[in-house]
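Please open the model in your viewer and keep the sequence beside it.

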Amino acid sequence: MPGTRFPIKGFKEGLLIMLGEGGWKDVQADLIEQIEERMDFFRGAKIAIDVDERIVRAAEMGAMRGMLSERGINLFAVISKSSVTDAVAESLGLSTQ
């Protein structure tokens, strides 16, 4: 069964991927699946992820960044409405809003 498809928008710095609802592990797996299906498009890309109000812990965000890096993708920013997630992103050297 195919996972969730996430909207992707291009902007000056790279690509913005808007993650939807669901548990973090499911969302992460669906995103990686979507990326692997279009590796030629994503390889070498700089991406920002919009996690909305989701609270993402350091280990979860670090794992996501690692999975993307293994695929030649640079996670450079996280957009969030959660101050906890913003603080985690900044502690990992990622840009925030």
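Two strands are said to pair if DSSP finds at least two bridges between them. Helices (H or I, at least four residues) and strands (E, at least two) are themselves DSSP runs, numbered from the N terminus. The model is a predicted one, in which local features need pLDDT of at least 70 and side-chain atom pairs count only at pLDDT 80 or more, while totals for chains, interfaces and linings use all residues. Residues are numbered from 1 along each chain as its sequence is written, and side-chain values use heavy atoms, with hydrogens and water left out.

**First stop: the sheet**

Select the four strands of the open sheet, whose order is S1-S2-S3-S4 and whose pairing is mixed. Strands S1 (8-11) and S4 stand at the edges with a single partner strand each, so one side of each has no neighbour in the sheet. From one strand to the next, the twist averages 25 degrees. Strands of a sheet pair through backbone hydrogen bonds, in either a parallel or an antiparallel sense.

Begin with S1 and strand S2 (residues 14-18), which pair in the antiparallel sense over four bridges. A hairpin of two residues joins S1 to S2. Select Ile8 and find its bridge partner in S2, Ile17. Then select Gly10, which stands opposite Leu15 in S2.

Next, move to S3 and S4, which pair in the parallel sense over six bridges. Ile49 has Val78 in S4 as its bridge partner.

How many of the seven residues of S4 are buried? Five of the seven are buried, and S4 is mostly covered. Here buried means under 20% relative accessible area, exposed means over 50%, and partly exposed lies in between (1.4 Å probe, protein chains only).

**Second stop: Ser80 and Asp52**

Select Ser80, which is found in strand S4 (residues 74-80). Ser80 counts as buried because its relative accessibility is 4%. A polar atom of the Ser80 side chain lies 3.3 Å from the backbone oxygen of Asp52. A polar atom of that Ser80 side chain also lies 2.9 Å from the backbone nitrogen of Ser82. Leaving aside neighbours within four places in sequence, Ser80 is in contact (heavy atoms within 4.5 Å) with Val51, Asp52, Arg54, Thr85, Asp86 and Gln97.

Now select Asp52 in strand S3. Is Asp52 buried or partly exposed? At 30% relative accessibility, Asp52 counts as partly exposed. Its phi is near 60 degrees, a positive value in a residue other than glycine. Most residues other than glycine have a negative phi.

Select helix H4 (residues 83-91), which lies across strand S3 (46-52) and S4 and runs at about 155 degrees to S4. Such angles run from 0 to 180 degrees between N-to-C directions, and axes are lines fitted to C-alpha atoms, for helices over the stretch in contact.

Within H4, pick out Ala89. With a relative accessible area of 0%, Ala89 is buried. Not counting residues up to four places away in sequence, Ala89 touches Met61, Val78, Leu94 and Thr96. The C-alpha atoms of Ala89 and Gly44 are separated by 21 Å, the two residues being 45 residues apart along the chain.

Follow the chain to Leu94, in the segment after H4. Leu94 is buried, with a relative accessible area of 6%. Apart from neighbours within four places in sequence, the contacts of Leu94 are Met61, Arg65, Leu75, Phe76, Ala77, Val78 and Ala89.

**Last stop: helices H1 and H3**

Finally, select helix H1 (residues 24-37) and helix H3 (residues 58-70), whose axes come within 11 Å and cross at roughly 10 degrees. That makes H1 roughly parallel to H3. Angles under 35 degrees count as roughly parallel, over 145 as roughly antiparallel, 65 to 115 as roughly perpendicular and the rest as oblique.

Which residues make this contact? From H1 they are Trp24, Gln28, Leu31, Ile32 and Ile35, and from H3 they are Glu60, Ala63, Met64, Met67 and Leu68. They divide into eight nonpolar, one polar and one charged. In this grouping, Ala, Val, Leu, Ile, Met, Phe, Trp, Tyr, Cys and Pro count as nonpolar, Asp, Glu, Lys and Arg as charged, and the others, Gly among them, as polar.

Conventions: A polar contact is a pair of N or O atoms within 3.5 Å; within protein, one must be able to donate a hydrogen and the other to accept it, and residues adjacent in sequence count only if both atoms are side-chain atoms.
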